[in-house]
Amino acid sequence: MSDPIQVNPPRLNLANLPTPLQALDRLQQQRPGPRIWLKRDDLTGCALSGNKIRKLEFNLAQAREEGCDTVISCGGLQSNHCRATALLCAQLGLHCHLILRGEPPAVGDGNLLLDQLAGAEISVYPPQQYQRELDQLLLHWQSHYQAQGRRAFVIPTGASDAIGVWGYFKASEELAADCQRSGISPRHIICATGSGGTQAGLSAGAHCYIPGAQVWGVNVCDDEAWFLNKVGHDLQDWQQRYHLDIDVGALSVKVIDGYVGPGYAKADEEVYRCIADLAACEGVVLDPVYTGKAFHAMLCERERGRFGDDGDIVFVHTGGIFGLFPHRQHFDFLNG
Ligand SMILES: Cc1ncc(COP(=O)(O)O)c(C=O)c1O
């Protein structure tokens, strides 16, 4: 058994780290309450920006370690994870094949356009077939490459697996150093949760590096029970794969449910207004699929008193800006 703090799994140096930790002082003046800080993981690196690159530093290192020349991954048509994977594969000279859920649009937009620019091979499946057959589809394409004498490495949805947990475990060490420099001891750390890996890494990482803080994931799809199970499984797999000396069953994993709204990648007007307000107030851009929903949830829960009357909250800005543009029609209210 090894102390997770001492373990150094294979890792590529891809993200621009450390990212800034920034206080939202103007927002604070408008909305008094516990102070809000942003961990600017939207700035992990230009078009690769966001949380995925932290996990992919480990998943792609593992692909290299196993001698793979191809990476297969999957997600929605506007998946930030798939975009980051496609661009990083191009950067590393790996072939990338994306299995996407949705109906093929007439023209690429947002992340899909970036996938295409990065030269990824793209296979789009209707949502029902994707849901039903994802595992078989991944195996099918893996065998397809094997038959060609190639070796394909599969990265699951959102790189949320035992390997990807390292991304935000290690990010927690960085965040602890940020907090020390800023002279704060946050009581709450909040992130958007879509496939659970960011929350899993932060929950284990905060336990080791920021022990006074509770990590909360705001689910943007499914529900609390689904994510408690998913995050718990990812943590168990992580502990077992690396023989870690940490009782992951005793970690405090918490989900803020109730803000999915009309569904995954759909939002109510209050989320679009929250995005516009923060951009105008602080010059920080959120997206309607993940960070905008989670930030809106955090403000609502802060007003309701879930985080107490004072102290510091860290919201992890996990990126996602390219998912904003396919929602342009919902910002009509900006035109008067
Ligand atoms: C911008 C953004 N924020 C948050 C998340 C959620 O992270 P995770 O998939 O690790 O739960 C994702 C991906 O799902 C994302 O693309």
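Start with the pair α2 and α6, whose crossing is right-handed; a crossing counts as right-handed if the near helix is turned clockwise from the far one by less than a right angle, and left-handed if anticlockwise. Helices (H or I, at least four residues) and strands (E, at least two) are DSSP runs, numbered from the N terminus. The model is predicted: local features need pLDDT of at least 70, side-chain atom pairs count only at pLDDT 80 or more, and totals for chains, interfaces and linings use all residues. Residues are numbered from 1 along each chain as its sequence is written.

**Stop 1: α2 and α6**

Select residues 52–65 for α2 and 165–182 for α6. The two axes come within 7 Å and cross at roughly 120°. Axes here are lines fitted to C-alpha atoms, for helices over the stretch in contact, and angles run from 0 to 180 degrees between N-to-C directions. The angle therefore makes α2 oblique to α6. Angles under 35 degrees count as roughly parallel, over 145 as roughly antiparallel, 65 to 115 as roughly perpendicular and the rest as oblique.

Now show the side chains of Arg54, Lys55, Glu57 and Phe58 in α2, which meet Trp166, Gly167, Tyr168 and Ala171 in α6. Two residues are in contact if their C-beta atoms, placed from the backbone, lie within 7 Å. This contact has four nonpolar residues, one polar and three charged. Ala, Val, Leu, Ile, Met, Phe, Trp, Tyr, Cys and Pro count as nonpolar, Asp, Glu, Lys and Arg as charged, and the others, Gly among them, as polar.

**Stop 2: α2 and α3**

From α2, pick Lys52, Ile53, Leu56 and Leu60; they meet Asn80, His81, Ala84, Thr85, Leu88 and Leu92 of α3. By class, six residues of this contact are nonpolar, three polar and one charged.

**Stop 3**

**Stop 4**

At the contact, 26 residues of domain 1 touch 25 residues of domain 2. On the domain 1 side, the largest share, four residues, comes from α6. That side has 14 nonpolar, ten polar and two charged residues.

**Stop 4: α9 and α10**

Finally, select α9 (residues 269–282) and α10 (residues 291–304), which pack at an angle of about 90° with their axes 9 Å apart. α9 is therefore roughly perpendicular to α10. Glu270, Val271, Cys274, Ile275 and Leu278 in α9 meet Gly292, Lys293, Phe295, His296 and Leu299 in α10. The residues of this contact divide into six nonpolar, two polar and two charged.
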